[in-house]
Amino acid sequence: MSLLIIAALLYLGLALGFILVVDNLVGLIFRDPRARVQPRSFDIGRAFAASQKLYRK
């Protein structure tokens with residue numbers, strides 16, 4: 001019985017993973033032209049330097 005539960009959970013995990021992969025691939029191919037451009041990743045170094053600068057004032 002426990003083997004059946006493990007197999008079912010693995011099957012669900014693989015199915016959800018497959019759905020996510022296909023969804024991301026479709027999103028790459030068919031982009032929404034009205035969607036905003038993703039902002040650049042947050043630069044921790046610049047934020048730290050700015051906080052130090054404000055701290056010194």
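Okay, let's start with Val21: at 49% relative accessibility, it counts as partly exposed, because that label covers 20% to 50%, with buried under 20% and exposed over 50% (1.4 Å probe, protein chains only). Val21 sits in helix α1, residues 2-29.

Quick housekeeping. This is a predicted model, where local features need pLDDT of at least 70, side-chain atom pairs count only at pLDDT 80 or more, and totals for chains, interfaces and linings use all residues. Numbering runs from 1 along each chain as its sequence is written, and side-chain values use heavy atoms, leaving out hydrogens and water.

So, the overall picture. The protein chain has two helices and zero strands (DSSP runs, H or I of at least four residues for helices, E of at least two for strands, numbered from the N terminus). Of its 57 residues, 0% count as buried.

Now back to α1. Its 28 residues reach 41 Å from first C-alpha to last, close to the 40 Å expected at 1.5 Å a residue (that's 1.5 Å times one less than the number of residues). The number of buried residues in α1 is zero, so this helix lies largely in the open.
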